[in-house]
Amino acid sequence: MARIMYDLCGEDTALRFSPFCWRAALAMRHKGLTLETRPWHFTDTQDIAFSGQGKVPVIVDEDDEVVTDSFDIMTWLDQKYPGPALFGDDMARSRARFIKHWSETTLAPALMKIAIVDVFSIIDPKDQSYFRESREARFGMTLEEFQDTEQGLEMLEKALPPLRAQLEGSSFIDGDHPAGADYLVFGMFMLAYVVHDGALLKSDDPVAQWHERMLDLFGGLARNAPRAASR
Ligand SMILES: N[C@@H](CCC(=O)N[C@@H](CS)C(=O)NCC(=O)O)C(=O)O
């Protein structure tokens, strides 16, 4: 059986904008593994009920093993598959967990501020009331009140100094070659890349140059992702 990943999609099922699914997809390629994706909508909860939880990515491996959560998937890949490490030893994995938390608590909120209405506008109409209600309950305001691109860009600018400093010293967060930490962070940027029409970074920024390198990996896997803005 093929290796499958349930992957969040828009009304146009070619639009894949989940940061967590991007992390897993890139990590799979890093290991040299092939992956078939199954487009998944927020309200397709029954389709992944077998995984015992309600979020994607969900991986069903060739031997039917089921794995969820992007960080756990990367850890599992290192344990199950040889080839280039994503995290390396336990100490390196523990440090990568810090980067996961940093990206989810600092980068993700900025990107949400920039692009939440863009997300709403590309998801399937059958998902829209669930998405609006769940996110508005979380934010305590409407999506339209929450989205503030200018403020999001300011939040992003405040978040970026440690990443920029790291990339001033090496081509990738993980050094000369990309690995787990790069995918953890870059996955976040893929949400904006797919749904948002507008530059986030100046071209002379080391972060922008790293972003370009990441887009080019694995034959331009991320660069070639269908984008809402280009439609
Ligand atoms: N900790 C999980 C988070 C996964 C997650 O939040 N996935 C989102 C898509 S980006 C999801 O499935 N959300 C379902 C929902 O909001 O109902 C991971 O790292 O994979």
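In this predicted model, helices and strands are DSSP runs, numbered from the N terminus.

Q: Where is serine 170 found relative to α7 and α8?
A: Serine 170 is found in the loop between α7 (161-169) and α8 (180-195).

Q: Why is serine 170 called buried?
A: Buried means under 20% relative accessible area. Serine 170 has 17% relative accessibility, so serine 170 counts as buried.

Q: What makes the pair of serine 170 and phenylalanine 172 a polar contact?
A: The cut-off for a pair of N or O atoms is within 3.5 Å. A polar atom of the serine 170 side chain lies 2.7 Å from the backbone oxygen of phenylalanine 172.

Q: Why is the pair of tyrosine 6 and phenylalanine 50 called tilted?
A: By the ring-pair rule there are 10 aromatic pairs. In the pair of tyrosine 6 and phenylalanine 50, the ring centres are 5.7 Å apart and the planes stand at 55 degrees, so the pair is tilted. Planes under 30 degrees apart would be stacked and over 60 edge-to-face. Tyrosine 6 is in strand β1 (residues 4-8) and phenylalanine 50 in the loop between β2 (36-40) and β3 (58-60), 44 residues apart.

Q: Why is the pair of phenylalanine 189 and tryptophan 210 called edge-to-face?
A: Planes over 60 degrees apart count as edge-to-face. Here the planes are at 75 degrees, with the ring centres 5.9 Å apart, so the pair is edge-to-face.

Methods. Residues numbered from 1 in each chain as written. Predicted model: local features only at pLDDT ≥ 70, side-chain atom pairs only at ≥ 80, totals over all residues. Heavy atoms only, no water. Helix = DSSP H or I, 4+ residues; strand = E, 2+ residues; numbered from the N terminus. Buried < 20%, exposed > 50% of the residue type's maximum accessible area, 1.4 Å probe, protein only. Polar contact = N/O pair within 3.5 Å; in protein donor to acceptor, adjacent residues only side chain to side chain. Phe/Tyr/Trp six-rings, centres within 6.5 Å; stacked < 30°, edge-to-face > 60°.
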